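Reader: Please take me through the way one reads a model of this kind, giving the general idea of each feature and then the case at hand.

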Amino acid sequence: MVHLQALGAFIAQHFIVLFLCMVVYMIIGSIWYGPLFMKPWGRMTGMDKLSDAEKKKVMVPSMFVSLFTAFVIATVLGRGMQLLDMSSPMYPVIIATILWFPFTALPMAQNYAYTKKPWQLLAIDSGYLLVSMWAISLILYKTVLS
């Protein structure tokens, strides 16, 4: 219960920073799935075959899920980093990578293997989450932990 209270206090104290993390997460996503990987990602997911109306039906709820995801990632990373020694800007990046690998990359790889999705798609999707977690951890380091 103490940890839930600490998370609540973290959210209350750093809501603006958490909002900034959410915005950055969405910006990275729009660049990642836009100019960087739109064509291969669209081809591998079938999104390139959808009409604009069908894409909107998929994208609007997905954006809300992305915002919630960014909020949870930033909150948990931020509170966790408060508990650890963060004397170097590399430490948040290392922590984000350590958390990303077993809790994001490996479960995604398992899912992609079972569903026979291309490994290139795994690289795009999990890469986005890794880069986003790095960005969020550095924002938190510079604003909350400094």
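Predicted model: local features only at pLDDT ≥ 70, side-chain atom pairs only at ≥ 80, totals over all residues.

Reader: Why does Ile 28 count as buried?

Author: Burial is read from relative accessible area, with buried meaning under 20%, exposed over 50% and partly exposed in between (1.4 Å probe, protein chains only). Ile 28 counts as buried because its relative accessibility is 15%.

Reader: Which residues is Ile 28 in contact with, once its neighbours within four places in sequence are left aside?

Author: A contact is defined by heavy atoms within 4.5 Å, and for Ile 28 the partners beyond those neighbours are Tyr 128, Val 131, Ser 132 and Ala 135. One of these, Val 131, lies 103 residues away along the chain, yet its C-alpha atom is separated from that of Ile 28 by 8.1 Å.

Reader: How many helices and how many strands does the protein chain have?

Author: There are six helices and zero strands in the protein chain, so that its elements, taken from the N terminus, read α-α-α-α-α-α. Along the principal axes, the C-alpha atoms occupy a box of roughly 45 × 30 × 30 Å, and buried residues account for 36% of the 146 residues.

Reader: Is Leu 140 buried or exposed?

Author: Leu 140, whose place is in helix 6, is buried, with a relative accessible area of 0%. Leaving out residues up to four places away in sequence, Leu 140 touches several others, among them Phe 10, Val 17, Cys 21, Ala 74 and Leu 77. Its C-alpha atom is 8.4 Å from that of Pro 92, which is 48 residues away along the chain. Leu 4 in helix 1 (residues 2-13) is exposed, with a relative accessible area of 58%. Pro 40, placed in helix 3, counts as partly exposed at 24% relative accessibility.

Reader: How far does helix 5 reach from its first C-alpha to its last?

Author: The expected span of a helix is 1.5 Å times one less than its number of residues. Helix 5 (residues 90-114), with 25 residues, reaches 35 Å, close to the 36 Å expected at 1.5 Å a residue.

Reader: Where in helix 5 does the kink lie?

Author: The bend at a residue is the angle between axes fitted to the seven residues ending there and the seven starting there. In helix 5 a kink of about 45° lies at Trp 100, shortly before the proline Pro 102. Trp 100 is also one of the buried residues of helix 5, which include Ala 96, Thr 104 and Met 108, and these buried residues pack against helix 4 (52-82) and helix 6 (119-143).

Reader: How much space lies in the largest pocket?

Author: Rolling a probe the size of a water molecule over the atoms shows where empty space is left. Here the largest pocket holds about 820 Å³ of space. Of the 24 residues that line the largest pocket, the closest to its centre are Gly 29, Tyr 33, Trp 41, Met 59 and Ser 62. On a 1 Å grid over the protein atoms alone, a cavity is a set of points where a 1.4 Å probe fits but cannot get out, whereas a pocket is an open set with protein on both sides within 12 Å along at least five of seven lines, and lining residues have an atom within 4 Å of a point. Grid points are joined across faces, edges and corners, and a volume is the space filled by probe spheres set on the points.

Reader: Which helix gives the most to the lining of the largest pocket?

Author: Helix 4 does, with eight residues.

Notes. Residues numbered from 1 in each chain as written. Heavy atoms only, no water. Helix = DSSP H or I, 4+ residues; strand = E, 2+ residues; numbered from the N terminus.
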